[in-house]
Amino acid sequence: AAMLEETFTFVTGKPYSRPRPAMVDMLAGNLNNRALSFLDLGRTNDALNTWGEALRVDPYHPESTYNSALVQWRHGTLTDQDVLARLEPVSKANRSWLPHYLAAQIHRERGDTEGAEQALRAGREQFPDHLELSPAIEADPAAHHWGRRIKGLGEHEAEVTSGAISPKGDRA
């Protein structure tokens with residue numbers, strides 16, 4: 001700005017008469033994108049700090065809330081319930097389909113098919129024309145299943161939601 005003012009004065013012979021524009025805070029979306037770049041570079045702490053900045057600019061920014069909480073969940077510093085609790089006020093404050101979709105993704109990742117479908121249906125009720133909410137709801141259950149659970153395993157009577165195989169592959 002100073003160089004432009006000097007150039008203006010030099011070229012016109014008059015001082016620049018307008019006040020300098022104030023620096024504008026980066027929008028939460030730009031900060032979210034920067035945080036994702038940090039994450040891609042393996043700079044998780046920088047990413048989390050940048051998401052913190054984004055949420056100071058806009059405490060209800062869906063992508064920053066989701067991405068920040070998801071990284072913390074995957075690193076074991078938040079529970080799945082904590083992530084959903086952070087998304088709830090975002091969903092209430094936003095007039096957007098996105099928080100519902102993001103909550104469905106969390107439910108899906110934790111193997112909660114019913115919770116994912118509920119989140120999508122809630123979003124669909126508010127935003128009936130939004131395409132991202134439609135495919136999962138309308139999909140044929142045989143063709144599209146989110147975290148389908150094994151119903152039984154040997155003499156185990158409760159639902160089995162996960163399993164493990166030994167390194168040699170001889171035991172499950």
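Residues are classed by relative accessible area as buried (under 20%), exposed (over 50%) or partly exposed (in between), with a 1.4 Å probe and protein chains only. By this criterion, 32% of the 172 residues of the protein count as buried. The structure is a predicted model, in which local features need pLDDT of at least 70 and side-chain atom pairs count only at pLDDT 80 or more, while totals for chains, interfaces and linings use all residues. Residues are numbered from 1 along each chain as its sequence is written, and side-chain values use heavy atoms, with hydrogens and water left out.

The protein contains 8 helices and 0 strands, where helices (H or I, at least four residues) and strands (E, at least two) are DSSP runs numbered from the N terminus. The order of elements from the N terminus is accordingly α-α-α-α-α-α-α-α. The accessible surface of the protein amounts to about 12,100 Å², and carbon and sulfur atoms hold 54% of this area; the areas come from the Shrake-Rupley method with a 1.4 Å probe, and for residues only the protein chains shown count as cover. Contacts are defined as heavy atoms within 4.5 Å. Among contacts in the protein with a separation of 6 or more, 41% join residues 24 or more positions apart.

Two packed helices are described by the angle between their axes and the distance between the axes. Axes are lines fitted to C-alpha atoms, for helices over the stretch in contact, and angles between N-to-C directions run from 0 to 180 degrees. Angles under 35 degrees count as roughly parallel, over 145 as roughly antiparallel, 65 to 115 as roughly perpendicular and the rest as oblique. The axes of helix 4 (residues 62–74) and helix 5 come within 9 Å and cross at roughly 170 degrees. Helix 4 is therefore roughly antiparallel to helix 5. On the helix 4 side, the contact is made by P62, T65, Y66, A69, Q72 and W73, and on the helix 5 side by D80, V83, R86, L87 and V90.

For helix 5 (residues 80–93) and helix 6, the axes come within 9 Å and the crossing is roughly 170 degrees. Helix 5 is therefore roughly antiparallel to helix 6. Here D80, V83, L84, L87, V90 and S91 of helix 5 meet P99, H100, L102, A103, I106 and H107 of helix 6. P89 also belongs to helix 5 and is partly exposed, with a relative accessible area of 37%.

Helix 6 spans residues 98–109 and includes H100. H100 has a relative accessibility of 9% and so counts as buried. Leaving aside residues up to four places away in sequence, H100 touches S91, A119, A122, G123, Q126 and F127. The side chains of H100 and Q126 are joined by a polar contact of 2.7 Å. A polar contact is a pair of N or O atoms within 3.5 Å; within protein, one must be able to donate a hydrogen and the other to accept it, and residues adjacent in sequence count only if both atoms are side-chain atoms. In the loop between helix 6 and helix 7 (113–126) lies D112, which is buried at a relative accessible area of 16%. The side chain of D112 makes a polar contact of 3.1 Å with the side chain of R110.

A search of the whole structure for aromatic pairs returned 2. Rings of Phe, Tyr and Trp (its six-membered ring) pair if their centres lie within 6.5 Å; planes under 30 degrees apart count as stacked, over 60 as edge-to-face and the rest as tilted. F8 and Y16 form an edge-to-face pair, at 5.2 Å centre to centre and 80 degrees between the planes. Both residues are partly exposed, F8 at 34% relative accessibility and Y16 at 36%. The rings of W97 and Y101 have centres 5.8 Å apart and planes at 65 degrees, so this pair is edge-to-face. W97 is buried, with a relative accessible area of 18%, whereas Y101 is partly exposed at 26%.

In helix 3 (residues 44–57), A47 was considered. A47 is buried, at 0% relative accessibility. Not counting residues up to four places away in sequence, A47 touches A35, F38 and L39. A47 and N32 are 15 residues apart in sequence, with a C-alpha to C-alpha distance of 8.4 Å.
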